[in-house]
Amino acid sequence: MAYGYMGKNLIVDLTDQSFQIDEKDELFYRKYFGGPGIGAYYALKYIKPGIDPLSPDNVLIFSTGLLTGTPAPAIPRYTVCAKSPLTGAVGRSEAGGFWGPELKKAGFDAVIVKGKSKNPVYLKIEDGKYSIEDASHIWGKTTHECQEIIREEMGLRARVAQIGPGGENQVLYANIVNELAHFNGRNGMGAVMGSKNLKAIAVKGSNKVQCMDSDKVKEMTRWVSTNMNDHPLAYGLYRYGTSAGIAGNNAGGGLPTNNWQENTFEKASAINADKMEEILIQRKGCFSCPIRCKRVVQIKKENCIVDPVFGGPEYETLVCLGSNLGIGNMDIVAKANELCNKYTLDTISLGMTISFAMECYEKGLITKNDTDGIELTFGNEEIILKLIEDIALKRGFGGKLAMGSVRLAREIGKGADNLLLETKGQEIPAHDPRIKTGLGLQYALASHGADHWNAQHDQLFQESGSLGLKGVEPLGILEPVPASQLSPEKVRLYHYTHLLTIMYDCLGICTFGFVSRSIATLEMLFDMTKAVTGWNTSLWEMLKAGERASIMLRVFNNREGFSRQDDTLPKRLFAPIPTGPLAGKNQISEDDFNNAISLYYQMAGLDENGKPLPGKLHELDLGWLTQ
């Protein structure tokens, strides 16, 4: 009997509306686990090099984590993989919520979508049964409308992963959402879904995900629930969510403002955690998670209505649609977040693309003639909400912004590329790598473009006795590493915690529930994995599964022509911090950064061009990728 996994993956071809069940045995799951491990496996197997990401040749893979769907705490996640239309590299995105556990309960570990439907459809999966349903009546609907209609057809218990009009119109940074507020963000996976005329995948299941020792799993879940409030990092996530980062980063001189031209924002107090408390009505969590880090906000004003069904903004959104646009108005940011959730637009790429265009406007590279008369200035609150709708519907100048900042820079010319803040074509998140150099390594080395959770964050490991440092002692990380230091010790810290973080993704774990960021320990994770699967496993084997997934994703990129030149940072981040308490300081030397990349390659078993060495592939039992 299988424990933790279902042993079945559903392959759907939308072109001829056919289905196939790909049954896998224990050896497959023990090798690839789930999430990006299984996602990368099917991507390498089915996606041919050089294909157009928005063509029927692309393949969209939804893959649950190995432990997803069990009652273990903070393990709700699943991965979506495809070739990214935004970057041309591998697309990879995780989401929490309730959809992943429900897919397991419905009988499948993964869904692999091929081809393209002639007409809009949605995929219906219920207790091992599946069908392709007409979606013409929900195409064009926003996410709340779509979810309500599908639940009328399938029942209120149905969980819906879907795209809004942004995905339908193939905005290159469109997302996929479940429960209206849990996103597979970045990389444009929603655009791929839209290119296939696939509006949604709705799932409903009544089966339990079997655990070898369910009593042990429940015991650990109760322990996390009971002790969570005594753990400062876990309780902080419950109490403030991610919005607590606004005040701290602003005080420390690390809050991106006006397209990163400044590092402090004079109106930061208008978009911080205390301000969110004024509109907060509920704290919510994902499946089987006691931490409840999600914010639910509501605004009822004559000039601003924000519906709580769409949750509330996270730190990245507060920055990318707030300070980095020069906007210090929580009502505007919360409404912008709602619109992005309705239309399934990525708040990071959207905000960063707008801020890039604003700087181009500020410097005279574009004018009102280019923007349809829009006064594209920092701090202009009046234009943001309409711009978001224009982007989702590709209207006027919004259609230009829908391309993302890199393509827009190419169209503008005139040196606009010098103002870009991206890696591999994806806009960077809202953490300054000049303050946390490990974030610089994350941005440069993430296979899917700039990502702020491709490893763990530097500040968790810079003090002796810190909760973060104690949490990773089983990895052999025993001494503090200063956050602004770019040293061999920092490269090693990145390498080890990257393997830890992608292992979490393969298991379906949220990093907000486990060390270094939260309460559950590595020893607990090890015991939990054994209790669920019944395997005589080890932390070594689990980390190797993460490493296997990481290397497979890099192989995908190598096939697409990505190499060392793509593992770098935008030019602006090699200049000193411009303003705030660290003005003129914390410059990253480009030579030092390149040396750090070379050192990482050696640690990770890559050659000087960033390609896995044959010995590394064979060491990970990936010899099939050497052929």
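## Basis

Contact here means heavy atoms within 4.5 Å. The model is predicted.

## Loop residue Thr537

Thr537 sits in the loop between α20 and α21. Its relative accessibility is 6%. Buried means under 20%, so Thr537 counts as buried.

Leaving aside residues up to four places away in sequence, Thr537 touches Arg30, Phe526, Thr529, Lys530 and Met542. The side chain of Thr537 also makes a polar contact with the side chain of Glu541, at 2.5 Å.

## Helix α20

Helix α20 covers residues 522-533. At 1.5 Å a residue, its twelve residues should span 16 Å. The end C-alpha atoms are 16 Å apart, which agrees. Gly534 follows α20 and has a positive phi, near 80 degrees.

Buried residues in α20 are Leu522, Met524, Leu525, Met528, Thr529, Ala531, Val532 and Thr533.

## Helix α17

Helix α17 runs over residues 437-445. Nine of its nine residues are buried, so α17 is largely enclosed by the rest of the structure. They are Thr437, Gly438, Leu439, Gly440, Leu441, Gln442, Tyr443, Ala444 and Leu445.

What do the buried residues of α17 pack against? Their partners are β17 (422-423), α19, α21 and α22 (590-604).

Notes
Residues numbered from 1 in each chain as written. Predicted model: local features only at pLDDT ≥ 70, side-chain atom pairs only at ≥ 80, totals over all residues. Heavy atoms only, no water. Helix = DSSP H or I, 4+ residues; strand = E, 2+ residues; numbered from the N terminus. Expected span 1.5 Å × (residues − 1). Buried < 20%, exposed > 50% of the residue type's maximum accessible area, 1.4 Å probe, protein only. Polar contact = N/O pair within 3.5 Å; in protein donor to acceptor, adjacent residues only side chain to side chain.
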